[in-house]
Number of protein chains: 4
Amino acid sequence: MNKIKSIGILTSGGDSPGMNAAIRAVVRTALYYDLNVYGITRGYDGLVKGDIVEMGAKSVANIIQRGGTILKTARSQEFLTVEGRAKAREQLRKHNIDALVAIGGDGTFTGAKVFMEEQDIPVIGIPGTIDNDLQGTDFTIGYDTAINTVVDAVDKIRDTAESHDRVFIVEVMGRDSGLIALRSGIGIGAEAILIPEAKIDFTDVLNRMDSIRKNKSSRIIIVAEGENEGGAFETAEKVKGRFPHYDVRVSILGHIQRGGKPSCMDRVLASRLGVAAVEGLIAGKSGEMAGIICGDIAFTPFDNAIKHIHTVNPNLLKIADILSL
Amino acid sequence: MNKIKSIGILTSGGDSPGMNAAIRAVVRTALYYDLNVYGITRGYDGLVKGDIVEMGAKSVANIIQRGGTILKTARSQEFLTVEGRAKAREQLRKHNIDALVAIGGDGTFTGAKVFMEEQDIPVIGIPGTIDNDLQGTDFTIGYDTAINTVVDAVDKIRDTAESHDRVFIVEVMGRDSGLIALRSGIGIGAEAILIPEAKIDFTDVLNRMDSIRKNKSSRIIIVAEGENEGGAFETAEKVKGRFPHYDVRVSILGHIQRGGKPSCMDRVLASRLGVAAVEGLIAGKSGEMAGIICGDIAFTPFDNAIKHIHTVNPNLLKIADILSL
Amino acid sequence: MNKIKSIGILTSGGDSPGMNAAIRAVVRTALYYDLNVYGITRGYDGLVKGDIVEMGAKSVANIIQRGGTILKTARSQEFLTVEGRAKAREQLRKHNIDALVAIGGDGTFTGAKVFMEEQDIPVIGIPGTIDNDLQGTDFTIGYDTAINTVVDAVDKIRDTAESHDRVFIVEVMGRDSGLIALRSGIGIGAEAILIPEAKIDFTDVLNRMDSIRKNKSSRIIIVAEGENEGGAFETAEKVKGRFPHYDVRVSILGHIQRGGKPSCMDRVLASRLGVAAVEGLIAGKSGEMAGIICGDIAFTPFDNAIKHIHTVNPNLLKIADILSL
Amino acid sequence: MNKIKSIGILTSGGDSPGMNAAIRAVVRTALYYDLNVYGITRGYDGLVKGDIVEMGAKSVANIIQRGGTILKTARSQEFLTVEGRAKAREQLRKHNIDALVAIGGDGTFTGAKVFMEEQDIPVIGIPGTIDNDLQGTDFTIGYDTAINTVVDAVDKIRDTAESHDRVFIVEVMGRDSGLIALRSGIGIGAEAILIPEAKIDFTDVLNRMDSIRKNKSSRIIIVAEGENEGGAFETAEKVKGRFPHYDVRVSILGHIQRGGKPSCMDRVLASRLGVAAVEGLIAGKSGEMAGIICGDIAFTPFDNAIKHIHTVNPNLLKIADILSL
């Protein structure tokens, strides 16, 4: 292995708050260790097309607090082909970039793994996704901000729910993962939380609504996109079917969950992982994701990081139940 | 006219941020002038049913900053009938309440007018609605907070729009009024603003998107619920039809627009109008809405207040155009 | 008068949220009317030194939501001299700039007036200051955001005040003007509001605290920097002197009041005034500040705009009294 | 040991955001397990004086999102004496309360330990303090919210710092602990972070400011209250002494750091610890603090929990250095 002199950085997949803080950390750490550092625009698409510029300390000034990603992100059909990846490799060669940091989620790391193995270039991943659905890190960058955004939004909805004695079914992001729903649901004191990982008997939820504090006037049910009851509108119908006198409304929070200023924790996480990724490359690592487990930096092979988790902490589900009295 | 000794207060219609600040102001002003004051729960429905409790200075402590309404709000079928209103009048008699403050929008004031004329009781209205669609006041309580909520949400959406080079069609509240769309659209720098009051040729909007800064990667179009292009999804289709390579997304902001902590301006407005309403009743006024026009308290007969406005300030529309370059 | 072909824009004095929205509006309006537009960095200092760059539509993209000013602001000793102003004029000539938009407060307009008269160049002012202390506009850009920032901060302080049964003396900005204190004080439900414009007998405030709801556990007194009781710490001593058993604390909000994302109203105000300023220059105006009075654009000669107002709306002071029961 | 039938709950010491979420969790968990639950007002002071009321599920409705503590908190001289604690024990006997949950920091737990041992009553502690300075839990309730509050405030200060090219010395809470300063300092991208745990040579900081990006116009230095350079104002003098041309300002964030709506993480943490505390008491535990270590509930004896930590993660300090280029 030769000494690394120059690294490239890209963001890929859905954007998440804190990606800019991670970019800043990667750029400045590279400079701190006297490496050159290049920003690749629009993820693997920009890599294939050579949309690459050198970055300095100042180019990442005043971005730590911004949502989104200054490097942008996009899908690339071309990168899915061997030819595309060969082009991408050629672009790196042209700029003398000899290692890559890829910020994103499981799609990003799947691509990174193929690219690294096929095109022989070291790649370290940084987990940037609001879904928190990667192994090898307690939290992904953006998750903390996203659950705060959900909680802020539902606090607002609660105001109107309380005023009108309404039941709200609120859909949050999470096609394959209920982690946003789970923590934000506890955070807003949800009546019930429906997530893909837990098959529940919705009749139990309805029975519970019937038996506990029947006179409770407003209730909020959080559903993850990918849950098993058929979605927010279907859930609303079920509630209405059982309690025809309830005023039931649906709210789909949607894309606001991806944006916004990153929370302090997301900024710190992103900063730590950005430093770790560059230091990892310098130390000769490749094919791994930098994460934080129990407060300490940990590296996890891409293969393990992207293994989908099909269970959630059962204690958290139980807590939601106990507290929704 | 006899001297008023006791007033009742209710909130009705859709809740809006700042209603609690108005309730607080009415209660404390009544006490300041040595009147008794009664809170009526769930609007006209609670009035008919006699859901009425006396309020003290402390009962409105620490609510000025809360969204929603502690008096709750509801629809009442019964109040729409003469019998229902007679019952309501009887409830007031029982509590020796000899005047009413009704906080809400046009439906609230329509009811108040009938009640006042038919049942012979003084009523003063306070404009509490996020829609800002009443005559006789520059702003209604809740409007300022609602447009800040929209702007905050769309700032978040912009982060992801910029990162992905996406076009977002964002639907905001306003079935009959485009005022939320108009000011928030200017506030977020929208590409176009579609409102019920303005029939536009959407082809012009599309042509403009084609000619001006074609390479502009992310764009946000704000549509009011009641606009004339067929809604957010239909608008998205039109954009996609013309620009198939654009990644077009829809976001319906929904009920978050009604909640949240009131802005300073909404709290001040609510405080001023609460004081004015009670002082108006004491001065013998009835059948009027308290508002603020050009910084000064103004009273407007209910009939005039609820006349729907079908035009908006054309300058604001022009500004939106100029600035979306 | 010759037709204007090119305008320069600068921000001067203390920064205020919404200045960027005004810069954006001036730049895009100029382009809309086929003018060239130049950004002058660091106010009059940059003008003297020739720190001037041409701006395009894209150079003001994605700034409407940002606090501060991308053109920066600074003091200039040199501009206070005839020689300095002559240099400044020469810089404009070099860039073929034949008119100026100056965003700031009374100091900015005082300088603008001298420069305009002495150096024969049209200047239009835009009121950008959190203090709201200018004549000729109902609100200055930044004021609405600043009072929301104060209200947010004091809502937080109230949480701890309530929990500990404490009295808080909170100092807000306003050396010569109590307008931030006045509206934010009403907005947070202050026990008392001390401002430069109102000489009050503080013994009355203390007596009132003694007589009304003596058992009220937490109280908040808002003091403007320039009030007449000797400042927040002196006020705290007076309260402690009278009520030794009270736990009295002081909080100086300080510089957070200048920053932050502008509110929707500030963005709309800035957008409207930016358009008006350029349209005013095109129409041949000079030596005036663009403002909004009762919803309509109004131009006010600099001399009148900067005349300090020594009174505040007495109704607002009375309202604060009534509501602090 | 007898089976517990009734528990009391109190908050003590400085309030922190999330205490209400913890109270809610304790109350509802107690009810879930068919225990009676009593709220004790104003901490140990209310315990001595018998300020105790029974709580139901509804009494903690709609408080999960509120800062401060609905049970209030206060100092108690009397509880520091044997007689005071005997009185307190008697009050519990009167209400048939046979176990206690105490939410607070090291002072709270020190009192709890003496009370428990001397008066023979089971007590479980919950860590509620913004300082995060307890052993036995990764985070204390309120810390996450506090660092977000700091980051929000300094983001605002940064706007004005950038606009004016100023250096800001920002003092944050932390008399004995630099943990608020450390994480928020990384979160805002501070130039330097001064904390009690790290003796640094400030000349190094000044040298660094001199050598790295000398033309960097705005810088922010975060100082914890208890750091070793003599405080924010003294630090400002040192910076001015070395760089007389810098415009150096001081901002003391103060009490806003204690208040505000709790973040999602603080709400979840508080909910989990509230459940754990009650389940711990039921399981026969006493004299321990419930905490979360690496995602799992852990109980730590009071003696260990309150042992002050005199070191911080050196990696975090290094990261701050690397990233402030």
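**Interfaces between domains and between chains**

Five residue pairs, both members at pLDDT 80 or more, are in polar contact across the interface of domain 1 of chain A and domain 2 of chain A. A polar contact is a pair of N or O atoms within 3.5 Å; within protein, one must be able to donate a hydrogen and the other to accept it, and residues adjacent in sequence count only if both atoms are side-chain atoms. By class, the side of domain 1 of chain A that touches domain 2 of chain A has 4 nonpolar, 5 polar and 4 charged residues. Here Ala, Val, Leu, Ile, Met, Phe, Trp, Tyr, Cys and Pro count as nonpolar, Asp, Glu, Lys and Arg as charged, and the others, Gly among them, as polar. A salt bridge is a side-chain nitrogen of Lys or Arg within 4 Å of a carboxyl oxygen of Asp or Glu.

The model is predicted: local features need pLDDT of at least 70, side-chain atom pairs count only at pLDDT 80 or more, and totals for chains, interfaces and linings use all residues. Residues are numbered from 1 along each chain as its sequence is written, chains are lettered from A and ligands numbered from 1 in the order in which they are written, and side-chain values use heavy atoms, with hydrogens and water left out.

Domain 1 of chain A spans 6-142 + 262-305, and domain 2 spans 145-258. These bounds come from an automatic or database domain assignment. The domain centres, taken over C-alpha atoms, are 35 Å apart. Domain 1 of chain A gives 13 residues to the contact and domain 2 of chain A gives 10 (contact means heavy atoms within 4.5 Å). About 920 Å² is buried between the two domains, 51% of it from carbon and sulfur atoms. Buried area is the accessible area (1.4 Å probe) that two parts lose on being put together, summed over both. A:D15, A:I130 and A:D131 supply 47% of the area that domain 1 of chain A buries against domain 2 of chain A.

Chain D also meets chain A. Here 50 residues of chain D are in contact with 50 residues of chain A. The area buried is about 4,200 Å², and carbon and sulfur atoms give 62% of it. In chain D, D:C264, D:M265 and D:L323 lose the most area to chain A, together 15% of what that side buries. The rule finds 6 salt bridges across the interface of chain D and chain A. A:K318 forms a salt bridge with D:E279, with the closest N and O atoms 3.3 Å apart.
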